[in-house]
Amino acid sequence: MTLLQPALQTRSTWAPLLLRVPVGIIFMAHGAQKLFGWFGGHGLEGTGQWMSSIGLEPGVLMALAAGSAEFFGGLLLLIGLLTRPAALALAFTMVMAIVTVHIGNGLFMSNNGYEFGLALLAASVSLLISGGGNLSLDRALYPED
């Protein structure tokens with residue numbers, strides 16, 4: 001057993017694929033907003049200023065960390081490579097977003113609440129438990145015995 005095998009090992013099942021693809025795309029899009037200013041985002045500088053304004057210092061570094069976790073973690077989910085470590089990083093990112101930004105606004109998205117973050121947290125934790133499943137690079141690298 002190699003050091004990476006526990007992180008990459010996954011079972012032959014289709015459910016993770018059906019979760020990985022849309023969740024990976026969503027995370028990538030949100031990360032691209034923070035990092036590159038795509039899709040109406042504010043980019044690294046603007047996101048960093050906003051993060052500083054809510055007490056997350058240094059703001060640009062926090063924006064880089066969150067944006068990178070979302071963009072690159074989402075990409076890893078999409079292709080199913082290092083699914084479990086990516087899902088762990090994304091789960092942590094969602095906990096931070098819920099606690100620092102959304103929790104005081106209640107559940108509903110219409111009030112900037114935490115329902116979307118909670119859904120992404122649940123999806124991330126599910127992938128952390130299951131791994132990448134079928135059609136993942138994890139499965140290609142470490143097929144079941």
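Predicted model: local features only at pLDDT ≥ 70, side-chain atom pairs only at ≥ 80, totals over all residues.

Biologist: Where is Ala66 placed, and is Ala66 buried or exposed?

Modeller: Helices are DSSP runs of H or I with at least four residues, numbered from the N terminus. Ala66 belongs to helix α4 (residues 59-79). Buried means under 20% relative accessible area, with a 1.4 Å probe and protein chains only. Ala66 is buried because its relative accessible area is 13%.

Biologist: Which residues does Ala66 contact, leaving aside its neighbours within four places in sequence?

Modeller: Contact means heavy atoms within 4.5 Å. With those neighbours within four places in sequence left aside, Ala66 is in contact with Lys34, Met51 and Thr93.

Biologist: How many residues has the largest nonpolar core?

Modeller: Such a core is a set of buried Ala, Val, Leu, Ile, Met, Phe, Trp, Tyr and Cys residues joined through side-chain atoms within 4.5 Å. The largest one has 13 residues, and Leu77 and Phe27 are among those with the most contacts inside it. Helix α5 (83-102) is one of the elements that supply at least two residues of this core; the largest share, six residues, comes from α5.

Biologist: What does the UniProt record annotate as "transmembrane region"?

Modeller: UniProt positions follow the numbering used here, feature names are shortened, and annotations may be inferred rather than shown by experiment. The unreviewed entry gives residues 17-39, 59-79, 86-104 and 116-137. In the model, residues 59-79 are 100% helix and 0% strand, with end C-alpha atoms 30 Å apart.

Terms used. Residues numbered from 1 in each chain as written. Heavy atoms only, no water. Buried < 20%, exposed > 50% of the residue type's maximum accessible area, 1.4 Å probe, protein only.
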